[in-house]
Amino acid sequence: MQQAAEENLRQPVRYVLLIQRVQNADAALKSGPSFYPVNDRTSPLSEPYHASNIVLNCIGDTAWNEPGEWIAWDLEAPEDGLYRIVLRYKQSDLRGLYATRKLTIDGEVPFEEAGDLRFYHSSNFQLKPISGKREDPVDKKEETQEFWFYLEKGTHRIALEVTLGEMGRILQAIDDQTAKLNNIYRQIIAITGTSPDTYQSYQLFTRIPDLKENIQARKADVEQILADLTALTGSGSERTAPLTRLLAMMDELTDSEEEWTRRLGAFKECITAMGKTVLDFKNQPMKIDYILLAGEEMPDMRAEGNFFEKTWHGICAFIGSFFNDYNVADSAVQGDVESIDVWLSTGRDQFEVIRRLINESFESETGVRVNLRLINADVLLPSTFTGNGPDVAIQISNTAPVNFAFRGAALDLKQFEDYESIASRFLPSAMESFYFEDGCYALPDQMSFPVMFYRTDILDELGLKVPDTWDELLGLIPELQRYNMEMYFDTAPPSTMGAVLSMGNSVPINTVFLSRLFQTGGEIYNEDGTRCLLSREEANAAFKWWTQFYTQHGFPRDIDFVTRFRLGEVPLGIVDLSTYTRLAVSAPEIRGAWEIAQVPGIRQANGEVTRAVPCVTGAAMIIQNAVEKNGTKDASWEFIKWWTSGDTQTRYALEMEAILGSAGRYLVANLDAFERVEWSLSTTKVLNEALKTMKGIPQVPGGYITGRYLNNAFVTVITEYENAADTLYESVELINEEIDVKRREFGLELYNEEGGELQ
């Protein structure tokens, strides 16, 4: 095909009419299942068009921005000849830059230049034939020109693939320099610490003999990178500012070792910003309205509306904003049919994906109309008790179902005949938070747990092994502190996978403390949920053990773990699994230099290691008074079965990751879906082993206060150095008082302190 095109390059072109136009929704193939049409209401000429309603009239955007992702269309050439491929597209995200695509026709790149097509920034839609820089075969001069493609009569598959083009080489160079600068930074802080004394002489040039030469070499490399970037993108921008700032300080850093103590923080910030620069350049979003074949003359079409069309569009959009409720999604099922109300409060992106999934599978299969609404989490409880609540609430916190259950507001799912088979989709530990007395009041739709992150490169460099037990972890502390490095245990609440329902200022119980407590055989509450057991011996020992990391070993309490992990200041930490995706996205320069492992355990006399980690879940719940009033109990049950099924959870996870990137990975609770979500082989092995050790977090009336008082006790001990046992005991007394208050308020049996029985 390329040879034929070259032979006909100078032949007169006869085609002058519009040949064929293909809308975005008519894509023949996509590299991922989530490159679906999106809405753009900025132009009156988008097709299909509506000024105020959400219509799916484009494809791509931020879902189509990672290298290797492609979309293909089938276009019909009426006869052999030369054609232009014309796109109506919008690239409004990369200001001062361009998005790069590789064009293939029937699986082949027609010529070299088609592998590096550049689509430059504009706030408006553009309607242009594919073009680029090409060397003239006669005078050998490089010039910008439209590309013509020789197509034989018949159907041809036109594909556009995200690529970095020439930018890829530069971004790899930035990654390499970031890693080298990171190594210099670690050498410095091994001597000075992360907060050096500006009045102390650390003799850096003596203790690190090649420091000057190393910085000079890095300066030359960064200057070359900046020159290459400027040649590609034109004048400098905010994306190249970190490189410019770094170069400005490098001369001073080589001239005087005292400058290191004054500028170490700025040096660190530049390294961090360089990693962000790679991410900024790597993302290549672009949306397409339609693609067409054209001949010698462009058809009479415009990229954007004129002044009057834009003005009328703005007026209609403004008026429509008073009548459209964007918190309620339109159903695909119309007419007099059974309907249910479903509420969620996570976000607009999640809302739109769930709406699409409902339209495509649930409604079409069941005939039940779903009225999906996006609400504020605080609205759910008062709306339920005023009779205005939904039939179903999804993606809520694991504390909500039991809090609704003892108020008589959540439906017991055990009444359904197929409950046991549906519950088998999940780990027993994932169901633990939803049991109250003899009932189960929700199904899990999300699941997470703590894991240990570690820098393989740093541990290898220092000759240290990944700790398998807590004793081995304690042995690493002095080794890392010799180089002014630290460990980190997550002290913040686990990242909320769904909306956190406001229930008495609920604070989750710390997962590191729970891991140690469960590993030593301790429990949070007694079997009846009438007493908090954190004053018992196992809990006291776990609490003292936990606080000693801060009072004796100086662990940091509140830090930006991702930033300090990528810089190497904190090469090991125990945090929530959701941190995995943040690191994968925001720290490309340490890709391949870190891994995860299970949380350390306790070695028994027989050599086995006892492990246990808490399972933190989100929930899908049926509201009892609503379904009884509306007669929608069975339809609501069908919905949460569909929502928590393996197929639905897998599709939802894939589409959220396509929209938000790797950082938007959804941590599914369904075991079948959990196996389908792609992780690296080493990560998959760790996660599968962790599933065997997970233990549920029970919920009891008044239990929302447990995490809050435990955290208060923790802060008191590590900041005021109070006695750990006494402080914990006082907090447990307050927790038990709150449990009694709630049980008395809702007519539940109380704990008999004398006999240890209910009364």
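The model is predicted: local features need pLDDT of at least 70, side-chain atom pairs count only at pLDDT 80 or more, and totals for chains, interfaces and linings use all residues. Residues are numbered from 1 along each chain as its sequence is written, and side-chain values use heavy atoms, with hydrogens and water left out.

**Strand β6**
- Strands are DSSP runs (E, at least two residues), numbered from the N terminus.
- Buried means under 20% relative accessible area, exposed means over 50%, and partly exposed lies in between (1.4 Å probe, protein chains only).

**Pairing of β6**
- Two strands pair if DSSP finds at least two bridges between them.
- β14 (residues 286–294) is an antiparallel partner of β6, with seven bridges. Here R88 has Y290 as its bridge partner.
- β9 (residues 126–129) also pairs antiparallel with β6, over four bridges. V86 faces P129 of β9 as its opposite residue.
- β12 (residues 149–151) runs antiparallel to β6 and is joined to β6 by three bridges. Y83 is opposite F149 of this strand.

**Cysteines**
- A disulfide is a covalent bond between the sulfur atoms of two cysteines.
- The cut-off used is a pair of cysteine sulfur atoms within 2.5 Å. The structure holds zero disulfides.
- C316 has 23% relative accessibility, so C316 counts as partly exposed.
- C532 has a relative accessible area of 3%, so C532 is buried.
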